[in-house]
Amino acid sequence: MKFFIDTANIDQIKEAQDLGVLDGVTTNPSLMAKEGISGYDNVMAHYKAICDIVDGDVSAEVIATDFEGMVKEGENLAALHPQIVVKVPITKEGIKAIKYFSSKGIRTNCTLIFSAGQALLAAKAGATYVSPFIGRLDDISTNGMNLIAEIRLIFDNYGFETQILAASVRHTMHIMQCAHFAADVMTGPLSAIEGLLKHPLTDSGLAQFLADHAKANK
Ligand code: E4P
């Protein structure tokens, strides 16, 4: 399973990259706004800076909601850097844009997926990734992981090459469940990735090893 970090924060992206397990980055307009990035030139420069840090795909979302606008924005984003994947919402116009991008060899991430039907449509249109938002489903008392399992089954039934990018991952157990249900990629915060490191027996075991070593080497 590939590990993407879901942030536009440069320091966190660098920290995750330094860990050596990062495969890509996802951003969205809210995450860009959180970092105070606004205006066309600044936004493009920020995406470029992220691509320069990471070895892997960087999802950059279109703001336009009409087909022509999505195509124009997406083509500009794709031309910025070969690592850019154009993120497009699952709407009628979005599906048309994904089909267009796919025919031009531009890679896409179809976002805001909350049902298997939406994922099926995006895969048929040729999306490179679909992003089911598991955390936001959990937020409304709906098991987000069931959606990953359902999409996995459908994609495997028909051999779709579209990758399942489990998004809205909030914590470490979400990552483990994504691996269990064979998501191709998960995108989450650095804290959730670092949570995989933690075990009290590791801490106490290491402390014991170091204490024994110190005693023997007095
Ligand atoms: C997906 O690509 C989104 O950026 C993201 O995962 C949404 O997560 P949230 O529900 O925690 O905002």
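Helices (H or I, at least four residues) and strands (E, at least two) are DSSP runs, numbered from the N terminus. This is a predicted model: local features need pLDDT of at least 70, side-chain atom pairs count only at pLDDT 80 or more, and totals for chains, interfaces and linings use all residues. Residue numbers start from 1 along each chain as its sequence is written.

**View 1. The closed barrel of eight strands.** The order is S1-S2-S3-S4-S5-S6-S7-S8, with parallel pairing (two strands pair if DSSP finds at least two bridges between them). From one strand to the next, the twist averages 30 degrees (axes are lines fitted to C-alpha atoms, for helices over the stretch in contact; angles run from 0 to 180 degrees between N-to-C directions).

**View 2. Strands S1 and S8.** S1 (residues 2–6) and S8 (residues 185–188) run parallel, joined by four bridges. Lys 2 has Val 185 of S8 as its bridge partner.

**View 3. Helix H4 across two strands.** H4 (residues 67–80) lies across S3 (57–61) and S4 (84–89). Its angle to S4 is about 160 degrees.

**View 4. Surroundings of Ile 98.** Contact means C-beta atoms, placed from the backbone, within 7 Å. Leaving aside neighbours within four places in sequence, Ile 98 contacts Val 88, Thr 108, Cys 110, Ala 122, Ala 125, Gly 126 and Ala 127.

**View 5. The ligand shell.** The shell divides into two nonpolar, seven polar and two charged residues. Ala, Val, Leu, Ile, Met, Phe, Trp, Tyr, Cys and Pro count as nonpolar, Asp, Glu, Lys and Arg as charged, and the others, Gly among them, as polar.

Note on methods. Near = placed C-beta within 6 Å.
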